[in-house]
Amino acid sequence: RLPWALSGPQSYWPGFLAVALALAGVFASWRECYRPAGIPAALAGTGFVLSLGPILHVAGRAIPIPLPYAVLYYVVPGFSGMRAPGRFAVLVALGFAVLAGIGYERCVVFLRGPARRFVGIALSLLIVAGTLDRSIPLLTLPNARTMAPIYRRIAALPGQEPILEIPVPGTEADENVVDALRQYTVLYHGKPRLDGVSGFVTPRYREFRRVIQSFPDPDALAAARSLGARWILVHFGDYTPAQRAGLAQRVASERLLEPAAREQDDVLYRLGP
């Protein structure tokens, strides 16, 4: 990120330049009694308050002060199902964009000819420069040719019986890039998958994730079967050598798991009745 940080670490941060122009727009509109500017200002203020969520957080600590979103959460249907109230910040960005436009117009209204064009080009370049951020990691997504060979074996399976991949993240915080890329391969093998990267997990599935950590214990297999799993793909390469040896021994002793295909450290098992 550029050292003078026109854009902050949060994707909703509009940038210092946009904030400066928006403040200029608010100031100019207040002086000129320009009433239409009150609409984007109210929109930005409302979005900011709602983006704080149901209770106030300061420096990472929750302070038991209820906020307006708490009323909406308990009174208005649908608000309790929202994953991230912070996304109300989109309204803040929208309001700031309109106010920044007003501020820009007020800043260049007295300029004429080349001076006005120069200021407009300079501000545009600053805005573009503020969006530059090479810290964002890029991933090479798998395709039908580069995905793990075991998925080509899965694609050849008849029917549409669900597949469960082991290991399963224990919590939402445990979900990682590997899980996301494995979920992406569904586009190529086409079989239903019982786990995925979401960050928004129901209580029932959270309990399933807790139980499945004991795989291949009977409780874990029963939980997998209850969700319709008929195939279980175990990525032994995800475990340390000691964990891998113990897991392989336990799986081999489980009569309900029948090996169906193997590719390197990936083994596909058929879950028997």
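Which residue forms a salt bridge with Glu-172? I looked it up, and the partner is Arg-206, with the closest N and O atoms 2.9 Å apart.

**Ground rules**

I note that this is a predicted model, where local features need pLDDT of at least 70, side-chain atom pairs count only at pLDDT 80 or more, and totals for chains, interfaces and linings use all residues. Residues are numbered from 1 along each chain as its sequence is written, and side-chain values use heavy atoms, with hydrogens and water left out.

**Salt bridges**

I wrote down the rule: a side-chain nitrogen of Lys or Arg lies within 4 Å of a carboxyl oxygen of Asp or Glu. By this rule I count 10 salt bridges.

I went back to Arg-206 and Glu-172, and I found the pair linking distant parts of the chain. Arg-206 is in helix 9, and Glu-172 is in the loop between strand 3 and helix 7 (177-184), 34 residues apart. Helices (H or I, at least four residues) and strands (E, at least two) are DSSP runs, numbered from the N terminus.

Next I checked exposure. Buried means under 20% relative accessible area, exposed over 50%, and partly exposed in between (1.4 Å probe, protein chains only). Arg-206 has 38%, so this residue is partly exposed. Glu-172 has 24%, so this one is partly exposed too.

I then looked at Glu-175, which forms a salt bridge with Arg-209, closest N and O atoms 3.0 Å apart. Both Glu-175 and Arg-209 are buried. Shared partners join Glu-175, Asp-195 and Arg-209 into one salt-bridge network.

My last pair was Arg-193 with Glu-165, where the closest N and O atoms are 2.7 Å apart. Arg-193 lies in the loop between helix 8 and helix 9 (203-212) and Glu-165 in strand 3, so the pair ties together parts that are 28 residues apart in sequence. Arg-193 counts as buried because its relative accessibility is 18%. Glu-165 is buried because its relative accessible area is 3%.

**Strand 3**

Which way do the side chains of strand 3 point? Ile-163 and Glu-165 point one way, Leu-164 and Ile-166 the other, and all are buried. In a regular strand the side chains alternate between the two faces of the sheet.

I also traced the neighbour. Strand 3 pairs with strand 4 (residues 231-235) in the parallel sense over four bridges; two strands pair if DSSP finds at least two bridges between them. Leu-164 has Ile-232 as its bridge partner.

**Rings**

I searched the whole structure and found eight aromatic pairs. Rings of Phe, Tyr and Trp (its six-membered ring) pair if their centres lie within 6.5 Å; planes under 30 degrees apart count as stacked, over 60 as edge-to-face and the rest as tilted. Tyr-69 and Phe-88 are edge-to-face, because their planes are at 70°, with centres 6.2 Å apart. Both residues are buried. Ring pairs link Tyr-69, Tyr-73, Tyr-74, Phe-79 and Phe-88 into a cluster.

**His-189**

Is His-189 buried or exposed? His-189 counts as buried, because its relative accessibility is 6%. I placed this residue in helix 8 (residues 186-189). Leaving aside neighbours within four places in sequence, His-189 is in contact (heavy atoms within 4.5 Å) with Tyr-151, Ile-154 and Ala-155.
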